[in-house]
Amino acid sequence: MRGALFRMASCIMLCSAMLWAHSGEDAAMLRGADSLYHRDFASSFDEFIVLFDETHEPYYARLAAQAAIGKGDLEAAQRLAELYIKLSGDRDDSVVNKILADSYAKQGQITKALQVLERVYKQEPTPEITEVLANMYMLNQQAAKAQGLYAALYAENRNTELLKKLFMCLAFQQKHQEALATLSGHLLEVGCEGAFCEESLRFYEDLQGLDMAKNVFEEIYKTNPTIPNATNFMRVLIALKDYQEAQGVAKAFPFDKGLLLDLYVMQGDFVKAQKEATHIYTQSGNPRFLALEAIYSFNALSQPTRADAQAVAKKLDKAIALLQKEALESKKKPTSQDSFQRDVFQDAFFYNFYGYLLIDYELNIKRGVEYVKKALAIEPYAIAYIDSLAWGYYKLGDCENALKAFAQIPKDQVEREEELRAHQYQILGVCQNPAKSAKESLPSPAPKNPAPKSTKE
């Protein structure tokens with residue numbers, strides 16, 4: 001708030017100081033005023049303090065207070081502003097009250113800040129003062145008073161920042177329907193652009209208003225069927241798990257090549273996901289889609305056999321070899337950090353899936369363990385990857401390392417996931433009972449780690 005109030009007062013201060021100048025004080029006063037105007041607050045403060053000490057004129061205390069708050073000396077600013085009021089008897093000087101409000105607010109004395117700011121507002125009900133006062137009411141948990149001010153400001157210009165403040169103010173008062181109606185009215189009348197659209201979706205989710213959001217974003221999309229509007233409508237549909245409808249919207253536009261794939265995976269339709277991944281790989285040559293094709297083909301099987309696992313492993317082996325070749329070549333080319341991170345984390349998923357497949361179907365357990373270690377080198381705290389490593393050591397008969405690896409998985413996580421419980425049962429059952437062999441334990445659970453929720457990573 002300091003900057004806002006200071007800027008409004010600085011020009012006034014300089015002009016007033018110039019008019020006040022007379023006799024031997026002129027030079028010192030003009031130096032102080034000039035320093036204040038050029039934001040050399042320390043020099044300005046020194047000039048006005050000397051003038052006040054020499055003359056005891058309240059006006060110099062007023063100027064010194066302005067310089068003090070400019071240089072961040074809240075204690076001096078407050079003391080000098082209060083001294084001005086005491087000496088002059090003027091409690092309605094808006095500049096002094098702005099200084100006091102700023103000083104009180106910075107020190108956490110919100111009630112005092114509100115008292116003087118309300119006096120300023122009566123004299124200067126400008127949009128800037130109005131917003132500062134509304135913000136202060138919210139800080140003091142007086143949302144009902146803030147609501148009227150925010151609503152008046154928002155009605156003037158339909159500003160999205162003011163809309164968000166009004167929305168939060170209504171939500172704070174548990175006026176959820178009014179908040180959502182205000183947001184919906186803005187989106188339908190003014191439109192939805194950029195990051196504000198994503199924020200709006202979070203607001204609807206937070207107040208459990210996704211059904212209302214669907215109506216709003218559908219209307220926006222139908223009125224103006226652009227790619228951004230289609231994207232926002234699909235975000236709502238996906239949040240509501242209306243995947244079929246989202247899929248229909250996706251087919252109407254040339255979206256990111258992985259979007260339809262994501263929608264198929266969200267629905268658990270791995271047959272279509274496999275076909276889409278094949279199509280994308282044929283078009284793009286991106287080996288990540290070859291890997292996804294293999295994984296989706298495996299997930300599409302109700303009861304995969306060892307032969308199925310071998311076929312998938314062969315395709316994954318090819319995809320990973322291409323990925324590693326791509327990684328070597330990418331070192332020679334500039335790549336964005338975000339893109340690099342997404343690719344690396346998805347590659348870790350592929351390494352783990354491939355490694356686990358080799359381990360669980362005993363196609364090549366040692367090689368599988370090595371690939372799981374590659375995944376863990378990228379994401380060392382991934383529970384699924386730690387479990388894969390423990391399972392690999394168990395399959396190799398290395399009980400010491402199997403127990404050590406599995407011990408890294410939090411107990412509450414094991415309790416929540418059936419597959420982890422099954423692995424724990426077998427590893428502990430065999431490794432803590434030397435008389436019992438791995439072959440006597442329960443059958444291995446089905447291969448884990450289904451397809452990633454997002455194919456864009």
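**Packing and cysteines**

Modeller: Setting aside neighbours within four places in sequence, L316 is in contact with A291, A294, I295, F353, Y354 and L357; contact means heavy atoms within 4.5 Å. This is a predicted model, where local features need pLDDT of at least 70, side-chain atom pairs count only at pLDDT 80 or more, and totals for chains, interfaces and linings use all residues. Residues are numbered from 1 along each chain as its sequence is written, and side-chain values use heavy atoms, with hydrogens and water left out.

Colleague: How many residues does the largest nonpolar core have?

Modeller: It has 141 residues, and L316 is among those with the most contacts inside it, along with L187, Y204 and F217. A nonpolar core here is a set of buried Ala, Val, Leu, Ile, Met, Phe, Trp, Tyr and Cys residues joined through side-chain atoms within 4.5 Å. Buried means under 20% relative accessible area, exposed over 50%, partly exposed in between (1.4 Å probe, protein chains only).

Colleague: And which helix gives the most to this core?

Modeller: Helix α20 (residues 337–360), with ten residues. Helices (H or I, at least four residues) are DSSP runs, numbered from the N terminus.

Colleague: OK, on to α18 and α19. At what angle do their axes cross?

Modeller: Roughly 165 degrees, with the axes of α18 (residues 287–299) and α19 (residues 306–330) coming within 8 Å. Axes are lines fitted to C-alpha atoms, for helices over the stretch in contact, and angles run from 0 to 180 degrees between N-to-C directions. Over 145 degrees counts as roughly antiparallel, so α18 and α19 are roughly antiparallel to each other.

Colleague: Which residues make the contact?

Modeller: On the α18 side they include A291, A294 and I295, and on the α19 side L316 is one of them, with L322 and L323 also among them.

Colleague: Switching to cysteines: how many disulfides does a search of the whole structure find?

Modeller: Two, a disulfide being a pair of cysteine sulfur atoms within 2.5 Å. One joins C192 to C197, S to S 1.9 Å, and both of those cysteines are buried. The other is formed by C399 and C431, with sulfur atoms 2.2 Å apart.

Colleague: Where do C399 and C431 sit in the chain?

Modeller: C399 is in helix α23 (residues 399–406) and C431 in helix α25 (residues 418–431), 32 residues apart, so the pair links distant parts of the chain.

Colleague: Is that disulfide left-handed or right-handed?

Modeller: Left-handed, because the torsion about the S-S bond is about -75 degrees.

Colleague: And C399, buried or partly exposed?

Modeller: Partly exposed, with a relative accessible area of 24%, whereas C431 is buried at 13%.

Note on methods. Helix = DSSP H or I, 4+ residues; strand = E, 2+ residues; numbered from the N terminus. Parallel < 35°, antiparallel > 145°, perpendicular 65-115°, else oblique.
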